[in-house]
Amino acid sequence: QVSLVESGGGLVQAGGSLRLSCAASARTFSSYAMGWFRRAPGKEREFVASIRRSGATYYADSVKGRFTITSDSAKNMVYLQMNSLKPEDTADYYCAAQTDWFKTYDYWGQGTQVTVSS
């Protein structure tokens, strides 16, 4: 069974921090890569960060140096630590799985809302 469940969103002031969590089924966690995406109001979904099975991580330029993606294989969890949050980080954040290298992200969670007040 494939499942992704996000948590940890909320309201935070600019400059604050939040940690998003993504609980994955064992099958999903073994994917080629896990990623975080976001969709701000009125905008298209955009890539935020990803972590491959190898441990390699990738970040959007807009979050580099502020966000950190990690995974815990013992718990089948993927995290997104978000520091120095800005109002422009306000969005719905989604966890996703890329099950194999030749696929796009093919499984998605329901999302968790992050609001950063100025």
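Analyst: Let's start with Arg-38, whose side chain makes a polar contact with the side chain of Tyr-93 at 2.9 Å. Please keep in mind that this is a predicted model.

User: Why is the pair of Arg-38 and Tyr-93 called a polar contact?

Analyst: The cut-off is 3.5 Å between N or O atoms, one able to donate a hydrogen and the other to accept it. The two side chains come to 2.9 Å, so the pair qualifies. Arg-38 also makes a polar contact with the side chain of Ser-62, at 3.5 Å.

User: Does Arg-38 count as buried or exposed, and why?

Analyst: Arg-38, in strand E4, has 5% relative accessibility, and buried means under 20%, so Arg-38 counts as buried. Beyond its neighbours within four places in sequence, Arg-38 is in contact with residues including Glu-44, Glu-46, Val-48, Phe-67 and Asp-89.

User: What lines the largest pocket?

Analyst: Arg-38 is one of the lining residues, and among the others are Lys-43, Glu-44, Ser-62, Arg-66, Lys-86 and Asp-89. The space in this pocket is about 190 Å³.

User: How do the lining residues divide into nonpolar, polar and charged?

Analyst: The lining has 8 charged residues, with 2 polar and 2 nonpolar.

User: Why does Thr-112 count as buried?

Analyst: Thr-112 has 11% relative accessibility; the limit for buried is under 20%, so Thr-112 falls in that class. Thr-112 lies in strand E11, and a polar atom of its side chain is 3.1 Å from the backbone nitrogen of Gly-9. Setting aside residues up to four places away in sequence, Thr-112 touches Glu-6, Leu-20 and Tyr-93, among others.

User: And how do you know which class Tyr-107 belongs to?

Analyst: Tyr-107 comes out at 31%, which is between the 20% and 50% limits, so Tyr-107 counts as partly exposed. Tyr-107 sits in strand E10 (residues 107–108). Residues touching Tyr-107, not counting those up to four places away in sequence, include Val-2, Leu-4 and Cys-95. Tyr-107 and Gly-8 are 99 residues apart in sequence and 19 Å apart in space, C-alpha to C-alpha.

User: Which residues have the most contacts inside the largest nonpolar core?

Analyst: They are Met-34, Trp-36, Leu-80, Met-82 and Tyr-93, in a core of 27 residues. Strands that each supply at least two residues of this core include E3 (18–24), E4 (33–39), E8 (77–82) and E9 (91–98). As a general point, nonpolar side chains in soluble globular proteins tend to be buried together.

Terms used
Residues numbered from 1 in each chain as written. Predicted model: local features only at pLDDT ≥ 70, side-chain atom pairs only at ≥ 80, totals over all residues. Heavy atoms only, no water. Core = buried A, V, L, I, M, F, W, Y, C linked by side-chain atoms within 4.5 Å. Buried < 20%, exposed > 50% of the residue type's maximum accessible area, 1.4 Å probe, protein only. Helix = DSSP H or I, 4+ residues; strand = E, 2+ residues; numbered from the N terminus. 1 Å grid on protein atoms, 1.4 Å probe; cavity = no way out; pocket = protein on both sides within 12 Å on 5 of 7 lines; lining within 4 Å. Points joined across faces, edges and corners; volume = space filled by probe spheres on them. Nonpolar A, V, L, I, M, F, W, Y, C, P; charged D, E, K, R; others polar. Contact = heavy atoms within 4.5 Å.
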